[in-house]
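Welcome to this tour. Keep your viewer open, and select each stop as it comes up.

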Amino acid sequence: MIAQVNDIAMAYSDTGEGSPVVLLVHGFVLNRSMWDPQLGSLKAAGARVVAPDLRGFGASEGGPPGALTMGQHARDLAVLLDVVGVAEPVVYVGLSMGGYIGFEFWRRSPERVRAFVLADTRATADSVEHRAWRLAMAAEAEAVGSSQPAIEGMLPRFFSPTLRPGSPVALAGRRMVAGTSARGLADGHRGMAERVDSLFLLPLITVPTLVVVGEHDILTPPADAEQIAAGVPGAKLVNIDQAGHLPNMENPDAFNDALLEFLGEV
Ligand code: MLT
């Protein structure tokens with residue numbers, strides 16, 4: 001489905017009619033299809049699931065050129081919820097960049113969040129070196145005119161070392177990265193490079209929170225998840241084995257078990 005959200009046409013899916021409403025927010029260079037392995041379980045649990053392609057990714061428009069900031073994404077999510085008629089607070093599920101956006105969403109609209117699932121993400125801003133690397137990747141993507149730099153620089157780090165390169169999960173990851181435009185890649189990196197530190201925010205998160213991380217995640221390692229779980233009052237931490245940065249794809253059974261158990265509690 002397509003909705004007019006702020007100044008862009010945003011692609012999204014909206015399935016189920018029940019409660020809670022679960023908002024699934026994908027990671028960088030990916031799109032909403034990364035959540036496919038969760039849809040069946042969430043439907044069976046009676047949830048309504050809203051899953052957008054963020055601005056610049058998947059089938060959504062990118063809007064005017066420039067950094068895709070976490071604030072812009074958070075504004076888009078709030079408007080999308082209005083457009084699809086979700087007034088009740090949502091269970092916000094964000095992975096990696098989806099988690100960075102979650103912190104911004106909380107800053108702006110805490111009343112719209114019923115609970116958080118923060119997967120394979122971090123609360124800190126980028127280091128100076130990481131910011132410089134992002135800006136170099138952005139320039140390279142623009143120079144070559146494709147997301148090839150991410151296929152070479154990021155994709156190999158998404159999954160655990162034991163995942164076969166030709167497996168369906170690896171191929172699905174590759175399709176998403178390859179389907180991202182040079183602009184989405186460049187402006188996405190620039191937006192993440194601008195994001196602020198959210199460590200101070202953690203003690204102020206007052207909703208039930210589940211922190212999830214793949215045991216082999218090298219992009220946002222388990223120490224980052226431990227830091228979030230230690231900072232958010234009452235947060236629960238679940239490690240997913242046999243998984244890297246995308247445990248919802250690599251070990252969906254374990255991820256879905258943790259997600260559904262948490263939904264049952266909230
Ligand atoms: C993601 O999966 O969203 C990215 O790894 C986030 C990042 O580059 O920091």
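Start by selecting helix α4 (residues 128-144) and helix α7 (residues 182-193), whose axes come within 8 Å and cross at roughly 165°. Axes here are lines fitted to C-alpha atoms, for helices over the stretch in contact, with angles running from 0 to 180 degrees between N-to-C directions. Helices are DSSP runs of H or I with at least four residues, strands are runs of E with at least two, and both are numbered from the N terminus. The helices α4 and α7 are therefore roughly antiparallel to each other (angles under 35 degrees count as roughly parallel, over 145 as roughly antiparallel, 65 to 115 as roughly perpendicular and the rest as oblique).

Now show the side chains where these two helices touch. On α4, the contact is made by R131, W133, R134, L135, M137, A138, A139, A141 and E142, and on α7 by A182, L185, A186, H189, R190, M192 and A193; contact means heavy atoms within 4.5 Å. The residues of this contact of α4 with α7 divide into eleven nonpolar, one polar and four charged. In this scheme Ala, Val, Leu, Ile, Met, Phe, Trp, Tyr, Cys and Pro count as nonpolar, Asp, Glu, Lys and Arg as charged, and the others, Gly among them, as polar.

A word on what you are viewing: this is a predicted model, in which local features need pLDDT of at least 70 and side-chain atom pairs count only at pLDDT 80 or more, while totals for chains, interfaces and linings use all residues. Residues are numbered from 1 along each chain as its sequence is written, and side-chain values use heavy atoms, with hydrogens and water left out.

Next, select α2 and α3, whose axes come within 8 Å and cross at roughly 70°. That makes α2 roughly perpendicular to α3. Among the residues making the contact are M70, H73 and L77 of α2 and M97, Y100 and F105 of α3. By class, the contact of α2 with α3 has nine nonpolar, two polar and three charged residues.

Stay with helix α2 (residues 70-83) and pick out L80. Is L80 buried or exposed? L80 is buried, with a relative accessible area of 0% (buried means under 20%, exposed over 50%, partly exposed in between, with a 1.4 Å probe and protein chains only). Leaving aside neighbours within four places in sequence, L80 is in contact with A3, V5, M10, Y12, V50 and P52. The C-alpha atoms of L80 and Q4 are separated by 8.2 Å, though the two residues are 76 apart along the chain.

Move on to helix α8 (residues 222-231), where P222, D224, A225, I228 and A229 are buried. Seen down the axis of α8, the buried residues fall within an arc of 155°, so they line one face of the helix; the arc is that of the directions from the helix axis to the C-beta atoms. These buried residues pack against α3 (97-108), β6 (113-119), β7 (209-214) and β8 (236-240). Turn to the other side of α8 to find A223 and A230 exposed.

Finish with some backbone details. Most residues other than glycine have a negative phi, and most peptide bonds are trans. Select P20 in the loop between β2 (8-15) and β3 (21-25): the peptide bond from S19 to P20 is cis, with omega near 5°. In the loop between β3 and α1 sits V29, with a positive phi near 55°.
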